[in-house]
Structures are given as structure tokens and as C-alpha cells.
Amino acid sequence: MDSVGFTPAHAFSGFSVNDTAAAKQFYGGTLGLEVAEGPMGTLELSLPGGVKVMMYPKPDHQPATFTILNFAVEDVEAAVDQLNGRGVRTKIYNDPDLPTDDKGIMRGNGPDIAWFKDPAGNVLAVLKQ
């Protein structure tokens with residue numbers, strides 16, 4: 001990249017939530033991921049490979065209308081069964097353009113994938129790696 005002052009040491013993504021305590025419980029407790037508290041009420045989600053994602057509180061939060069975070073897994077059906085066993089609903093779409101089975105898994109239209117929501121209503125997915 002040209003040396004015009006934009007020389008990032010690293011990059012990370014972020015998204016808003018309306019309740020950081022609920023987000024910390026969901027991502028840390030329900031999903032079993034590493035979540036740390038950060039400055040100004042933020043949360044930092046640590047993912048494999050050293051990837052960091054920031055969650056920030058936003059009182060007028062509007063859930064994303066697209067998938068904000070994808071989790072690549074070896075077995076989507078097993079991941080869905082685990083999520084459902086932890087109280088996470090994966091059958092969130094009733095849309096003919098996204099034909100999913102009773103578990104919420106779309107098969108045969110790209111990699112197998114199932115969507116679910118966090119407590120703030122943001123859409124997440126597990127998909128076949």
C-alpha cells in the first residue's frame with residue numbers, strides 16, 4: 001500500500017449490541033468463546049487464529065439484516081444440534097429463497113449453512129468449511 005499515512009498494524013471487525021451483559025453471556029457462556037471486557041463498555045471476542053472482534057454498546061441498536069459473523073465448522077448438522085441443545089434457535093427463516101430444513105439448515109445451495117441470532121438480534125451462521 002502507498003505510504004500516505006494508512007499503514008495499519010492489524011485490522012478487526014466490530015458490531016453493535018444493545019446489552020453487553022447479555023452478549024457476554026451468549027458469546028462466552030452459550031457459544032463457549034473467549035470474551036473479554038474492553039474500554040468504554042466494549043467487549044472483545046477472541047476467535048481462533050488470533051482474530052479479534054469488537055462488540056460495542058449502542059442504545060439505539062438495530063440488528064444487522066445480514067450475517068455479521070460466520071463460524072466455519074466441519075459438521076453443520078452436529079453444530080446445529082449443539083446450538084439447539086444450548087437453547088439457540090437455528091430455524092429463523094421461512095423464506096423460499098432460503099430453503100431450510102426443520103433444523104434451519106440450507107443444503108445443496110453452496111456450502112451447508114444454518115443461521116441463528118444473538119440476543120441483540122444480529123444474524124450469525126455456522127457453515128461447512
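This is a predicted model: local features need pLDDT of at least 70, side-chain atom pairs count only at pLDDT 80 or more; totals for chains, interfaces and linings use all residues.
**Notebook: sheet, cores and domain span**

Next I checked how E7 and E8 are joined. They run antiparallel and share five bridges. I picked Ile113 and looked for its bridge partner in E8, which is Leu127.

I turned to the nonpolar cores. The largest has 28 residues, and Tyr27, Met55, Leu69, Phe116 and Val126 touch the most other members. Elements giving two or more residues to this core include helix H1 (20-30), helix H2 (76-85), strand E4 (51-57) and strand E5 (67-73). Strand E7 (113-117) and strand E8 (123-128) are also among them. Another core, of seven residues, lies apart from the largest one, and I found Ile92, Trp115, Ala125 and Leu127 among its members.

I listed the contacts of Met55, leaving out residues up to four places away in sequence. Met55 touches Phe15, Val17, Ala23, Tyr27, Val35, Thr42, Leu43 and Leu45.

Last, I looked at the record. UniProt, in an unreviewed entry, lists residues 7-129 as "domain: VOC". I took the end C-alpha atoms of residues 7-129 and found them 31 Å apart. The span is 17% helix and 33% strand.

Note on methods:
Residues are numbered from 1 along each chain as its sequence is written. Side-chain values use heavy atoms; hydrogens and water are left out. A nonpolar core is a set of buried Ala, Val, Leu, Ile, Met, Phe, Trp, Tyr and Cys residues joined through side-chain atoms within 4.5 Å. Buried means under 20% relative accessible area, exposed over 50%, partly exposed in between (1.4 Å probe, protein chains only). Helices (H or I, at least four residues) and strands (E, at least two) are DSSP runs, numbered from the N terminus. Contact means heavy atoms within 4.5 Å. Two strands pair if DSSP finds at least two bridges between them. UniProt positions are given in the numbering used here, feature names are shortened, and annotations may be inferred rather than shown by experiment.
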